[in-house]
Each structure stands twice: as structure tokens, then as C-alpha cells.
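Trainee: I'd like to learn how to read the pockets of a protein. Can you walk me through it?

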Amino acid sequence: MRYSLRQLEVFVAIAHQQNLTRAADELAMSQSAASSSLKELESQFGLQLFDRIGKRLQLNEQGRLLRPQAEALLAQARDFEQSLLQHAEAGPLNVGATLSIGNYLAVGLMAEYMERYPKASLQLDVANTRNIVERVLNFELDVGLIEGELNHPDLEILPWRQDELAVFCHPDHPLAQHPTVSDDDLRQARWILREAGSGTRQAFDRTMSGLLPDLTIAIELQHTEAIKRAVEAQLGIGCLSMITLTDAFNRGSLKRLQVPGRDFSRQLYLIIHKQKYRSAGINAWLNLCLQQSEAV
């Protein structure tokens with residue numbers, strides 16, 4: 001072959017870092033060695049993969065077209081190496097999950113995965129939906145578990161399991177005594193919500209369509225636990241996934257409010273880049289997630 005895996009590693013690292021020095025550091029190479037590797041790859045095939053903008057290297061159209069194939073080849077090579085070294089069915093896996101899923105569902109999935117494949121390494125990164133989607137698109141994560149709805153031509157989006165949001169308050173809040181909550185009640189309340197860009201906020205905004213401009217959003221927070229603590233401190237009412245609230249409802253520290261006429265159901269999804277190589281680890285993780293969703 002007229003290219004090496006090392007050249008592909010350099011190409012992919014620079015595409016990710018957009019900087020030669022940082023890419024060389026990532027690969028434990030000297031800057032000159034990384035530069036030579038890229039130049040050799042480009043000269044061997046008479047093409048240019050990056051636009052040089054000062055110290056920044058930005059993928060051009062040719063580089064963007066070739067990057068997914070390079071990522072797939074490197075993933076296959078790592079998968080093959082894992083099989084040679086450990087004879088494992090599943091190799092290293094990087095999973096991303098949104099906050100509600102990561103904090104309440106993913107731990108159980110990880111435990112099951114590690115029980116099935118004790119020699120496989122598994123890393124979980126937790127962030128909001130927007131961040132997880134960007135990292136899957138950038139090949140930084142193998143699989144994403146998200147709450148938000150999206151449509152992207154480069155992503156395969158697999159329905160995973162059903163979820164439901166719930167409006168809630170402190171047991172001593174005036175609305176806690178209401179059998180049902182009206183739109184006027186919702187307008188008069190102070191809301192404590194997740195930030196824009198989160199799947200939970202996206203679902204809330206959709207559910208409150210037509211009413212949203214009239215709501216008083218007092219506080220926006222990035223973490224579900226912070227929202228629950230703020231509502232427990234009687235700073236307002238909130239709306240989060242039922243998977244994050246069940247224990248609090250059972251303890252009686254929070255009270256669920258009944259809001260008739262509004263649909264709080266939503267779908268959770270698995271996402272993967274369409275051009276991502278499906279390693280044994282990725283397939284094993286997807287199968288585990290889908291099996292558990294059928295058991296719910």
C-alpha cells in the first residue's frame with residue numbers, strides 16, 4: 001500500500017485538533033515527524049487535505065470526504081489489534097450520554113456490558129444533547145445516547161426507549177394542593193429549567209407550545225440534581241424526565257403536578273455516524289441497549 005496507518009493517524013489527529021503541534025502531542029510524535037507524515041501522504045497521491053490558515057489546519061472539501069474512511073480504517077485496525085492481543089469479542093468503546101441518561105440509565109448498561117465483556121474497556125462521557133451530537137459527528141464518540149430529537153444526514157438515529165417528562169414542585173407549594181394544573185397556573189409560576197441545547201429543554205419547549213412566551217423562566221441550570229435542589233428550596237417549579245424524579249416522588253421530597261391536555265411523552269435515541277466502522281464493541285453495545293429497551 002502507498003500509505004501507512006501512521007499517516008492516517010496523523011491525518012485524523014490533525015483533522016480533530018486543527019493544529020499540528022497538538023496533533024503531534026496527541027500521538028506522542030515530534031512536530032516535524034507529524035508534518036513529514038502529512039506531507040508524504042499528500043505528495044504520494046498528489047492532493048491537499050487541509051487549508052493552511054496561519055497555524056491552523058482546516059480540512060478542505062477533499063479532506064472532509066476522506067476523513068470518515070480514514071476513521072473507519074483506523075477503527076478496524078484497532079479492532080483487529082484488540083482481537084490479536086486479547087482475543088476479546090469487544091474492544092475499547094467510547095460512549096456519550098446526555099445528563100439524564102448518563103446519570104440514571106447508563107450506569108446499569110455499563111455494568112451489564114462489563115459483566116458480558118470483562119476484558120473490554122468502556123468510557124462514558126456525559127454532556128447535553130448538542131455536545132454529544134457534535135462529538136459523534138466529529139468521531140470523538142463511538143455511540144451517543146440522547147434525549148433530544150434531531151435529523152442529520154450524517155447520523156443514523158435509532159429509536160431506543162420511551163420516556164416522559166413530569167412537572168413538579170415542593171410539597172408545600174400552593175400548586176401541590178391542586179388536583180390538576182391549568183395553563184393560567186403555569187403562566188403564574190416561576191420555572192427552573194434545563195439550559196437551551198439540552199434534550200429535556202427541547203422536549204419542554206415543544207410540550208409548552210403556544211404557552212412558552214408567557215412563562216416566567218426564573219433560572220436555567222445545566223444539571224438535573226441542581227434543578228431538583230432548587231425546587232426543594234422552593235425557588236420555583238420544574239420539569240424533568242421521570243427517570244430522574246421517581247425516587248424523589250417516592251420519598252415525598254417533591255410532588256408531581258398533573259397537567260392535563262399536554263403531551264409530555266418523548267423518545268430517547270441511539271446515534272452513530274453513518275460512516276463509523278461498526279466494531280464488535282459498538283455492535284455489542286447497541287444490541288445491549290436495544291435488548292434492555294425491549295425489556296422495559
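Predicted model: local features only at pLDDT ≥ 70, side-chain atom pairs only at ≥ 80, totals over all residues.

Trainee: Got it. How do the residues lining the second largest pocket divide by that rule?

Mentor: That lining has six nonpolar, six polar and five charged residues.

Trainee: And how is empty space found in the first place?

Mentor: Rolling a probe the size of a water molecule over the atoms shows where space is left empty. Here, the second largest pocket holds about 350 Å³ of space.

Trainee: Which residues lie nearest the centre of the second largest pocket?

Mentor: Leu 59, Arg 64, Arg 67, Leu 137 and Asn 138 do, out of 17 lining residues. H1, strand E2 (56-59) and H4 each put at least two residues into that lining, and H4 gives the most, with five.

Trainee: What about the largest pocket, how much space lies there?

Mentor: About 620 Å³. Its lining counts 28 residues, and Glu 71, Arg 78, Asn 94, Phe 139 and Lys 276 are the closest to the centre.

Trainee: Which element supplies the largest share of that lining?

Mentor: H4 again, with six residues of the largest pocket's lining. Helix H1 (5-17), helix H4 (61-86), strand E4 (122-126) and helix H12 (280-295) each supply at least two.

Trainee: And how does the lining of the largest pocket split by class?

Mentor: You'll find 10 nonpolar, seven polar and 11 charged residues there.

Terms used: Residues numbered from 1 in each chain as written. Heavy atoms only, no water. 1 Å grid on protein atoms, 1.4 Å probe; cavity = no way out; pocket = protein on both sides within 12 Å on 5 of 7 lines; lining within 4 Å. Points joined across faces, edges and corners; volume = space filled by probe spheres on them. Helix = DSSP H or I, 4+ residues; strand = E, 2+ residues; numbered from the N terminus. Nonpolar A, V, L, I, M, F, W, Y, C, P; charged D, E, K, R; others polar.
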